[in-house]
Amino acid sequence: MRIEPETAAVRLAALFHQCCAAVVARLPFGLNTVVAPTFLGFAVINGCTFAVDLLVLTLLHGVVPLPVAITGGYAVAFGLSYVLNRALNFRSHAAVVPQLAVYVAAVVVNYLAFILGVSSGLAAVGVEYHLARILAGAGEAAFMYSAMKWVIFRR
């Protein structure tokens, strides 16, 4: 029996969503009524892409100026995040080009405000660059989940 790649992708996305929904359903203290499965999916996907971001940042740090290292890590991570969130988490079937244009606009705002602004600002006042990037990541996460959920991948 031959399985079409699209069918396998749809099944993988459904399995990812079912796993997120199952975990959310078991959250204590009533959190299961507050936390959406897409929020957990976003956290899992972006936790992994954030690790990729930090890896690239670490590899580039000292080789290129810090803003270039931050940009390189972020560029790799945001591309991976878009693909994985679109396919697995939000399971979007909208036209890619208009959706990607809105995503890129959100990424540019996020990049200027959180990635370069907060990361570089904290590093400039003496915060270690990994910690500065992690702190900036908290603001980035809130902004990007909101943008993905209610603007980019809205249903």
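1. There are 2 salt bridges in the structure, a salt bridge being a side-chain nitrogen of Lys or Arg within 4 Å of a carboxyl oxygen of Asp or Glu. One of them joins D53 to R133, with N to O at 2.5 Å. This pair links distant parts of the chain, 80 residues apart: D53 sits in helix 2 (residues 37–60) and R133 in helix 5 (residues 129–152). Helices here are DSSP runs of H or I, at least four residues, numbered from the N terminus.

2. R133 also forms a salt bridge with E140, where the closest N and O atoms are 3.1 Å apart.

3. On the aromatic side, the count is 11 pairs. Rings of Phe, Tyr and Trp (its six-membered ring) pair if their centres lie within 6.5 Å; planes under 30 degrees apart are stacked, over 60 edge-to-face, and the rest tilted. F78 and Y103 make a tilted pair, 6.0 Å centre to centre with 40° between the planes. F78 is partly exposed at 26% relative accessibility, whereas Y103 is buried at 1%.

4. Do look at F90 and Y145 as well, a tilted pair at 6.4 Å and 35°. F90 lies in the loop between helix 3 and helix 4 and Y145 in helix 5, so the pair ties together parts 55 residues apart in sequence.

5. A word on conventions: residues are numbered from 1 along each chain as its sequence is written, and side-chain values use heavy atoms, leaving out hydrogens and water. The model is predicted, so local features need pLDDT of at least 70 and side-chain atom pairs count only at pLDDT 80 or more, while totals for chains, interfaces and linings use all residues.

Terms used
Helices (H or I, at least four residues) and strands (E, at least two) are DSSP runs, numbered from the N terminus. Buried means under 20% relative accessible area, exposed over 50%, partly exposed in between (1.4 Å probe, protein chains only).
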